[in-house]
Amino acid sequence: MKKLLIALTVVFCFGVTAAFAVDGGELYKKRCANCHRDGTESSPSGGGAVLKGQSAKEIEMKLTGYQNGTYGGAKKKTMERMVSKFTADDIKALADYIGSL
Ligand code: HEC
């Protein structure tokens with residue numbers, strides 16, 4: 001019985017994680033593509049390096065940097081607002097997606 005409970009708990013946890021897993025591509029389309037388009041151009045609202053070609057690690061470092069104030073250029077306020085509500089999972093999902101562009 002105990003084993004069954006543990007098994008059920010494990011299945012349940014994975015199920016829930018999968019159901020709530022962040023889709024980086026969707027998030028990007030909704031929240032980022034307005035400015036960054038498909039990632040091949042610099043943002044028309046001014047500045048920002050082209051995202052395509054950067055590794056997931058670089059993007060994650062930069063997005064986290066916008067959150068904690070350790071990264072950014074002249075227009076960083078725009079991005080600070082953008083990422084302020086993101087969780088670490090959101091940022092990871094976005095970074096993985098952008099890294100795969
Ligand atoms: C309102 C327009 C706008 C939106 C929407 C936007 N960005 Fe940006 N992004 C910018 C601007 C402007 C910069 C340059 C900021 C600076 O000076 O540091 C930038 C910079 C960045 C950079 C740093 C690029 C580099 O190499 O220096 C990353 C990464 C980035 N954005 C990712 C995202 C992601 C992911 C989203 C969606 C969650 C997003 N942006 C949404 C305008 C936008």
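This is a predicted model: local features need pLDDT of at least 70, side-chain atom pairs count only at pLDDT 80 or more; totals for chains, interfaces and linings use all residues.
Is T40 buried, partly exposed or exposed? T40 is partly exposed, because its relative accessible area is 41%, where buried means under 20%, exposed means over 50%, and partly exposed is in between (1.4 Å probe, protein chains only).

Residues are numbered from 1 along each chain as its sequence is written, and side-chain values use heavy atoms, with hydrogens and water left out.

## The whole chain

The protein chain has six helices and zero strands. Here, helices (H or I, at least four residues) and strands (E, at least two) are DSSP runs, numbered from the N terminus. Read from that end, the order of elements is α-α-α-α-α-α.

Of the 101 residues in the protein chain, 24% are buried. The exposed surface comes to about 7,000 Å², and carbon and sulfur atoms supply 62% of that area; the areas come from the Shrake-Rupley method with a 1.4 Å probe, and for residues only the protein chains shown count as cover.

How does the chain meet itself? Take the contacts (heavy atoms within 4.5 Å) between residues at least 6 apart in sequence: 53% of them join residues at least 24 apart. D96 and D23 are 73 residues apart in sequence, and their C-alpha atoms are 9.9 Å apart in space. D96 is partly exposed, with a relative accessible area of 38%.

## Around the ligand

The ligand is surrounded by 28 residues, and the closest are C32, C35, H36, Y71 and M79. A residue belongs to these surroundings if one of its heavy atoms lies within 4 Å of the molecule. By class, this shell has 14 nonpolar, ten polar and four charged residues. The classes work like this: Ala, Val, Leu, Ile, Met, Phe, Trp, Tyr, Cys and Pro count as nonpolar, Asp, Glu, Lys and Arg as charged, and the others, Gly among them, as polar.

| Residue | Part of the residue | Ligand atom | Distance |
|---|---|---|---|
| H36 | polar side-chain atom | nitrogen | 2.7 Å |
| K62 | side-chain N or O atom | oxygen | 2.7 Å |
| K76 | backbone N or O atom | oxygen | 3.5 Å |

The elements that give two or more residues to the shell are α3 (33-36), α4 (56-68), α5 (76-83) and α6 (88-99).

Two of the closest residues are cysteines, C32 and C35. C32 counts as buried because its relative accessibility is 13%, while C35 is partly exposed at 28%. A disulfide is a covalent bond between the sulfur atoms of two cysteines. With the rule that the pair of sulfur atoms must lie within 2.5 Å, the count of disulfides is zero.

## The loop between α3 and α4

R37, T40 and Q54 each have a place in the loop between α3 and α4.

R37 has a phi near 50°, a positive value in a residue other than glycine. Most residues other than glycine have a negative phi. R37 counts as partly exposed, because its relative accessibility is 40%.

Back to T40: its side chain is joined to that of D38 by a polar contact of 2.6 Å. Leaving aside residues up to four places away in sequence, T40 touches V50 and K52. T40 and V50 are ten residues apart along the chain, with their C-alpha atoms separated by 5.6 Å.

Q54 is buried, because its relative accessible area is 10%. The side chain of Q54 reaches the backbone oxygen of V50 at 3.0 Å, and a polar contact of 2.8 Å joins the side chains of Q54 and K62. Not counting residues up to four places away in sequence, Q54 touches A49, I59, K62, I98 and G99.

## One more loop residue

G72 lies in the loop between α4 and α5 and is partly exposed, with a relative accessible area of 38%. The C-alpha atoms of G72 and K62 are separated by 7.7 Å, and the two residues are ten apart along the chain.

Terms used: A polar contact is a pair of N or O atoms within 3.5 Å; within protein, one must be able to donate a hydrogen and the other to accept it, and residues adjacent in sequence count only if both atoms are side-chain atoms.
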